Amino acid sequence: MTPVGPEPAAPIDRQQMDVDIACVGFGPAMGGFLTTLSRSLLNPDGSPRLESSCLPGTPLQVICYERADGLGFGVSGAVTRGRGIRRSFPDLDLAQIPMATPVKQEKLVYLLDPTGASNRSFALRAADKLIRALGSLFRFREDALELPLIPSFLQKHDGFVMSLGQFNQWVGEQLTSSGMLQIWPGTPVSAPLIEDRAVKGIRLADQGAALDGTPQDGFLPGMDIRAALTVVGDGPVGAVGRGIDAHFGLPAGHEHSEWALGMKMVIELREDSGLETGTVLHTFGFPEPEIFGFLYVHPDRLASVGIFIPSWFRSPVRTAYRYLQHFVLHPYLWRHLQGGTLKSWGAKSLQESGRRGEPFLVGDGYARIGEGSGSTNVLSGSGVDEAWTTGAQLAEAVVQLLEKKLPFTRQNLEETYVRRRRASWVDSESRVAADSRNGFPHGLLSGLFGMALAGFTGGRVVIPPPSSRKKGASLEERFGARIPPAELQKLKDEAAERSLPLHDQIMSRCGWPEIPFDGKLLVSQQDALLTGGSVQAPPDYANHVAFLRPDVCRNCEPKLCVEMCSGQAITRGESGVPQFDREKCIFCGACLWNCRADEAGEPANIDFRAGAGGLHSALN
Amino acid sequence: MSNGYHIVVCGSVVPDPLQTLEPIETPAGPALKNEMLLPAVLDPWAAHALYEAANLAAHAAGSKVWLVSLGARAKLRQVMMTIAQKVSFELVPIDGPASGFIDAHATAALLAEAIQSITGLDRSRLLLFGGWESASRGAGVTMQLIGERLGILDQFQGVDQLTMQPDGAFEILERIEGGRHQVSLCQGPPALFGWATGNLPEPRNNPQIGMANMRAIMPALQRAKTVAPAPDALRYRSASPPKQQRQTRIVKNLSAEEIAREIVAWIEKA
């Protein structure tokens, strides 16, 4: 049995438990899987419909492990059309799900730059001037242009707004109330168990380990959970999904090249904010042209406000937090948000390669669902419903195989799960979206043009993919025209000396105004961690972020892992090797895809392992 | 003791202490804003009691642990997912309100009734455990009131340590003023222990314990009796958060001298 992942040097005697189906990660995909499966577990008379093979005479033994400390600690400000979710819940009553509400109005808004600090191309500046000059002819106000139309592929007007945390919690309650399934949060899974090219189960993370993984007093080796089927829904940075990818590789031509970091706040609005429940705003153009934003209004005066920093944003200064604050301060939004209170905060990485990043969906003994399986649609900006649907499709396939008493082989899963998925709207829409974002590495206008081209031609005409997907320009490339070399060097030296990221100094130097902290909504990043995210790091687990080859890190500049870290958990460290403080880590996983080692043709130098803790807010 | 103990732990759910709590007025009296949206945990004081109970049971063959818990069914279910992998116990759930605004007398009456209804519970082996205090902002008297209702005369509060003696008696360390402990001897069950923090770390997750526990916990939750506290038991004139609020700042590697200087400066400013 080969665990794919970190393993202590000496062999360890591990306990073992057998179940029928072992599931990893509880998000919308797993919600869809377990909801659909749970409805087939019993006959109308209450007797087991599907019998366990590992514990004969009992119902199917299904167990799900989730890394986070609660089922509701997922992060996503979600607006979704909810096609798959509604199929699972035909009588869905949104009033039963806290923070959920139908979409009442939806706007697509181009935000101009009121600060003059945004890094805009000549063409974009010219367009901005034109919009300002002819503003009275358009719906131009508060430095923003409300577009008269939203492309059909982007529309969510028939959908609903929700908090993914509250939705997950609600789904979890439905599932566990049946007593037929077991879901265990706070239980990280360190690796898949692979034997003879088949996945045989999963290994839970060791407990009682020092930060470097060394066993301490009371060491409890992670248990091996053996299962006929392992369902992998641990998202884009999960240890099991990545372990399977590392072992089996990706299908030819597929790569995980496009990512984004989504960061959001949940804000309690002032009473006269002027925002109606169910309002949905999609924005682009500010704080940088490459950064998209959103605002969704929930019931009870709560709003989710956030931005996405894409991997094609090549600035080495890519702090999402400060950009998020500038986004909130944009006059078009600030008129509504001023006087609000930060209730929650969080961030997560999004795998935005979509279909081009799809892994092998099935193999002997395993199946992939959700975002980690490439289900996110990057054209429609939708992932939750797609993830849910892939889970539901797998459950239907699993029931079919169990009823026919067929094993969970690659071929059987291909003929049931993959066939369903390929025949569904998830797959057909993902084909349209596959190359829709190819234009963005060339600039905002070409990116928007590329999206429109793909969207309106059904993906038949697209901009060719860029030849290079370099992660970050050097500081000199990006800021050389705005900051003299000597001054830039001085800023770098100061940051290195004080072990601080560079972004604040660089942004301030480029003209970004200082944030007027008010202690309520505009707070320091560390206050957001504590009061918004309530971040936790339980003892007993090894560090989940490791820098594998110190020399590679020492010579890497700029250190994007430091600049991009959502919680400031990674700092420059002494001698230039980054330092990790897990008490600040929110498991966004941005360090993983911002490691630049692969640009030099080396394997990634950051290992993002299974770990416990992170965000403790259920409002996200 | 050859047959072991019957240890009943009383413990309810509270909002995760990391959340910001805001009291509001409702037609039914004071409540916490959006309490059902907040993640819940087992009351930390009761959690210590549960871990001590499990430890004692592990060292006294034939013992059994029950957890009697009053709370909204959905929240109880959620909390069981986080504690049921840690220690073995049988859940006795009561579906009802569990906020700190509920009268301790009404809560004690419900819990005492639930304890008396436990099938097979042997009073001569009964040890009643609970939290000395509660993170639910309760009055901290519920355990005493349960003891009174059950006629348990030997009661110990602020317990940090319980040691079995060879003759079956217990040596108990109770917290008293000045950071010291009072040492008591108790002949044995029945007795009541309101735990302070104890000495045990939080047990690690054990999937086999979780799987075994959950097979009984989920049906018990489905069968949980829904109750309402006695009407008009307690009325509040107003509720407000404490005026002195905690201000948290994380600074690492600060010397003791620097910390002291900062505290002195803060006191002088105040």
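What follows is a conversation about some terms and the values behind them.

Guide: This is a predicted model, in which local features need pLDDT of at least 70 and side-chain atom pairs count only at pLDDT 80 or more, while totals for chains, interfaces and linings use all residues. Residues are numbered from 1 along each chain as its sequence is written, chains are lettered from A and ligands numbered from 1 in the order in which they are written, and side-chain values use heavy atoms, with hydrogens and water left out.

Visitor: What makes N543(A) count as buried?

Guide: Buried means under 20% relative accessible area, exposed over 50%, and partly exposed in between (1.4 Å probe, protein chains only). N543(A) has 16% relative accessibility and therefore counts as buried. Leaving out residues up to four places away in sequence, N543(A) is in contact (heavy atoms within 4.5 Å) with L211(A), F580(A), R582(A) and R609(A).

Visitor: Why is D540(A) called partly exposed?

Guide: The relative accessible area of D540(A) is 25%, so this residue is called partly exposed. D540(A) lies in the loop between helix 15 (525-533) and strand 23 (545-547) of chain A, helices (H or I, at least four residues) and strands (E, at least two) being DSSP runs numbered from the N terminus. N543(A) is found in the loop between helix 15 and strand 23 of chain A as well.

Visitor: Why is helix 1 of chain A called roughly parallel to helix 4 of chain A?

Guide: The axes of helix 1 (residues 28-38) and helix 4 (residues 164-177) of chain A come within 10 Å and cross at roughly 20°, where axes are lines fitted to C-alpha atoms, for helices over the stretch in contact, and angles run from 0 to 180 degrees between N-to-C directions. Angles under 35 degrees count as roughly parallel, over 145 as roughly antiparallel, 65 to 115 as roughly perpendicular and the rest as oblique. That crossing angle therefore makes helix 1 of chain A roughly parallel to helix 4 of chain A. The contact is made by P28(A), G31(A), L34(A), T35(A) and S38(A) of helix 1 and L164(A), N168(A), V171(A) and L175(A) of helix 4.

Visitor: How many residues does the largest nonpolar core have?

Guide: A nonpolar core is a set of buried Ala, Val, Leu, Ile, Met, Phe, Trp, Tyr and Cys residues joined through side-chain atoms within 4.5 Å. The largest one has 113 residues, and those with the most contacts inside it are F33(A), L34(A), F89(B), F129(B) and F193(B).
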